[in-house]
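Welcome! Please take a look at the protein shown here, and then let us walk through it together.

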Amino acid sequence: LFNFSAGPACLPIDVLQEAQEDLINWKGSGMSVMEMSHRGKDFISIADKAEADLRALMGIPDNYKVLFLQGGASTQFASIPLNFTTAEDTVDYIQTGSWGSKAIKEAQKYVNVNVAATDKPNNFTNIPAQSEWELSSGAKYLHFCANETIQGVEFKYTPEVGVPLIADFSSNFLSKPVDVSKYGMIYAGVQKNLGPAGCTVVIVRDDLLGNSRPECPAMLDYAIMAENDSMYNTPPCFSIYMCGLVLDKLLKMGGLSEVEKNNKAKAAVIYDAISGSDGYYNCPVNDAVRSCMNIPFTMADSDLEKEFIATAAENGLVQLKGHRSVGGMRASVYNAMPMEGAEKLAKFMKEFQSNHS
Ligand code: PLP
């Protein structure tokens with residue numbers, strides 16, 4: 001069975017098998033990995049290795065803190081202004097889809113938000129060219145969503161704007177190499193490419209820390225979390241442990257260039273099936289910004305979409321229904337989706353078309 005869910009998403013089967021053993025008896029300790037104290041040396045070794053492996057995989061410079069937090073990416077939508085601004089400050093946001101829009105709505109509660117560019121008039125099918133962005137002078141940061149999970153719109157470059165860049169990488173985290181040194185902060189809920197829901201990774205440049213508002217809750221204060229190695233309170237232990245297994249595997253696979261190569265090849269198989277269908281299937285997203293992770297598509301005869309999704313499921317291709325806000329179909333092909341899954345979907349699309357023509 002191939003699971004095309006947008007998240008929580010499939011995890012590598014060997015990782016699940018290892019976790020299955022550790023759940024009962026972690027490395028012969030006689031204890032479940034879920035019942036170990038987060039302050040004990042065993043769990044500390046798990047958390048330290050996860051951080052070291054993430055640093056190695058992404059080439060994270062020493063002047064960045066790596067935090068493993070709770071609250072999901074959505075909590076960061078509020079934490080970001082609370083950590084980096086005062087109520088009088090202005091910040092720039094680029095709006096390329098639903099998640100960026102939610103980040104804007106949350107930030108507006110705390111700070112003056114300038115939406116420097118939006119693709120809303122085109123139903124979020126493109127990314128406005130950087131030359132058209134209307135940046136504010138003196139903005140504290142610029143925020144964008146690196147991959148819009150619902151619309152399938154992905155930044156293919158890193159903007160250069162002269163203020164700290166903050167990016168939501170929730171749905172393309174660890175899908176390709178990223179130059180962390182170009183960012184003030186990168187964050188991602190782990191439940192797509194890295195592990196089970198419950199943990200959010202924050203990678204933040206250390207000179208940005210220590211300016212949180214007095215009213216910023218301790219749990220949302222990145223400086224407090226950094227001082228306490230993400231263990232100000234009980235961390236999401238099991239999720240961190242699982243992330244550690246995946247990180248170890250990604251390193252052994254040859255790192256993020258290798259991961260990117262696989263992801264591009266998988267996505268191409270599905271995009272080719274769409275473009276080779278003579279308009280039977282359509283992807284609304286502009287070619288240049290099509291996501292390698294989330295592939296939305298519709299059918300010329302939308303009455304057939306329900307049957308397409310149901311028949312695909314009968315054939316072991318599940319969770320292909322598009323997000324309720326946009327309809328149609330969506331194939332999410334995160335790191336753990338094997339090429340075989342993408343090929344099977346492309347084959348099914350062709351067969352479905354010929355059976356209905
Ligand atoms: N940002 C993006 C790009 C997402 O895809 C999601 C969830 O799917 C979120 C933010 C929200 O993440 P969470 O559920 O961890 O709050």
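This is a predicted model: local features need pLDDT of at least 70, side-chain atom pairs count only at pLDDT 80 or more; totals for chains, interfaces and linings use all residues.

Residues are numbered from 1 along each chain as its sequence is written.

**Two domains**

- The protein is split into domain 1 (13-252) and domain 2 (255-355), with bounds that come from an automatic or database domain assignment.
- Taken over C-alpha atoms, the centres of domain 1 and domain 2 are 27 Å apart.
- Domain 1 brings 23 residues to the contact and domain 2 brings 23 residues; two residues are in contact if their C-beta atoms, placed from the backbone, lie within 7 Å.
- On the side of domain 1 that touches domain 2, strand 7 (153-154) and helix 6 (237-252) each supply at least two residues. Helices (H or I, at least four residues) and strands (E, at least two) are DSSP runs, numbered from the N terminus.
- That side of domain 1 has 8 nonpolar, 11 polar and 4 charged residues. Here Ala, Val, Leu, Ile, Met, Phe, Trp, Tyr, Cys and Pro count as nonpolar, Asp, Glu, Lys and Arg as charged, and the others, Gly among them, as polar.

**Around the ligand**

- Residues around the ligand include G7, W99, C145, D168 and G189; a residue is near a molecule if its C-beta atom, placed from the backbone, lies within 6 Å of it.
- Helix 3 (residues 72-84) gives the most to this shell, with 3 residues.
- By type, the shell has 3 nonpolar, 7 polar and 1 charged residues.

**The largest nonpolar core**

- Among the 101 residues of this core, A107, V201, V202, I240, C243, I270 and V333 touch the most other members. A nonpolar core is a set of buried Ala, Val, Leu, Ile, Met, Phe, Trp, Tyr and Cys residues joined through C-beta atoms within 7 Å, and buried means that 20 or more other C-beta atoms lie within 10 Å of a residue's own.
- Helix 6 gives the most to this core, with 10 residues.
- Both domain 1 and domain 2 give residues to the core, so it lies between them.
- Leaving aside neighbours within four places in sequence, V202 is in contact with L67, L69, Q76, M185, Y187 and Y222.

- Three strands form an open sheet in the order 11-12-14, with antiparallel pairing; strands pair if DSSP finds at least two bridges between them.
- Strand 11 (281-282) and strand 14 (329-332) are at the edges with a single partner strand each, so one side of each is left without a neighbour in the sheet.
- Strand 12 (residues 294-299) is joined to strand 14 by 4 bridges, and F297 stands opposite M329 in strand 14.

Terms used
A residue is buried if 20 or more other C-beta atoms lie within 10 Å of its own, exposed if 12 or fewer, and partly exposed in between; C-beta atoms are placed from the backbone.
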